[in-house]
Amino acid sequence: MSSVPSRTAASPADDRTVGELLSVVTSDVQTLFRQEVELAKVEVRQEATKAGKAAGMYGGAGFAGYMVLLFLSLAAVLGLANVIDGGWAALIVAAVWAVVAAVLYQRGRTRMRTVAPKPEQTVETMKENAQWARHPTG
């Protein structure tokens, strides 16, 4: 017995031309591509929603931390006011916060100076690619 199917038992789909088959395959690939793009959009939307909620929680935590510092500062002023005049107590607490702000500013400024505005490694790689494209055998 031969393992090759006989031509007489062929289905109507086997009678299609190569052009028709290519058209079907192209259509299927386009449909698959569209579905994959739609799936990617849905996944990105879901992740963006999760990230947005997390960012909102970070914002809430930041505000709560700010309020804690505010009320701790107020408590420090009131505590110092028991020892010295209230105006001087407020001035001392404000000076402490001014020192904290100055130190944080200076550290942030120092770190910001180390940031490279241009992606050096990518620029170098692109230069190498351009050189190779001009002289692929060299």
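User: How many salt bridges does the count come to in this predicted model?

Analyst: The count comes to 1 salt bridge. The model is a predicted one.

User: What makes the pair Glu 47 and Lys 50 a salt bridge?

Analyst: The side chains of Glu 47 and Lys 50 meet at 3.1 Å, N to O. The rule asks for a side-chain nitrogen of Lys or Arg within 4 Å of a carboxyl oxygen of Asp or Glu, so the pair at 3.1 Å qualifies. In general, side chains of opposite charge can pair when their charged atoms come close.

User: Where do Glu 47 and Lys 50 lie?

Analyst: Both are in helix H1, 3 residues apart, which is about one turn of the helix.

User: Why is Glu 47 called partly exposed?

Analyst: Its relative accessibility is 46%.

User: What does the secondary structure of the protein chain come to?

Analyst: It comes to 3 helices and 0 strands, and the elements run α-α-α from the N terminus on. Of the 138 residues in the chain, 3% are buried.

User: What is the crossing of helix H1 and helix H2 like?

Analyst: The axes of H1 (residues 18-81) and H2 (residues 86-113) come within 8 Å and cross at roughly 140°. The crossing is right-handed.

User: Which residues make the contact of H1 and H2?

Analyst: On H1 they are Leu 69, Ser 73, Ala 76, Val 77, Leu 80 and Ala 81. On H2 they are Gly 86, Ala 89, Ala 90, Ile 92, Val 93 and Trp 97. By class, this contact has 10 nonpolar, 2 polar and no charged residues.

User: Where is Leu 91 found, and how far is Leu 91 from Val 77?

Analyst: Leu 91 is in helix H2. Leu 91 and Val 77 are 14 residues apart in sequence and 8.6 Å apart in space, C-alpha to C-alpha.

User: What makes Leu 91 partly exposed?

Analyst: Leu 91 has a relative accessible area of 48%. Buried means under 20% and exposed means over 50%, so Leu 91 is classed as partly exposed.

Key. Residues are numbered from 1 along each chain as its sequence is written. This is a predicted model: local features need pLDDT of at least 70, side-chain atom pairs count only at pLDDT 80 or more; totals for chains, interfaces and linings use all residues. Side-chain values use heavy atoms; hydrogens and water are left out. Axes are lines fitted to C-alpha atoms, for helices over the stretch in contact, and angles run from 0 to 180 degrees between N-to-C directions. Helices (H or I, at least four residues) and strands (E, at least two) are DSSP runs, numbered from the N terminus. A crossing is left-handed if the near helix is turned anticlockwise from the far one by less than a right angle, and right-handed if clockwise. Contact means heavy atoms within 4.5 Å. Ala, Val, Leu, Ile, Met, Phe, Trp, Tyr, Cys and Pro count as nonpolar, Asp, Glu, Lys and Arg as charged, and the others, Gly among them, as polar. Buried means under 20% relative accessible area, exposed over 50%, partly exposed in between (1.4 Å probe, protein chains only).
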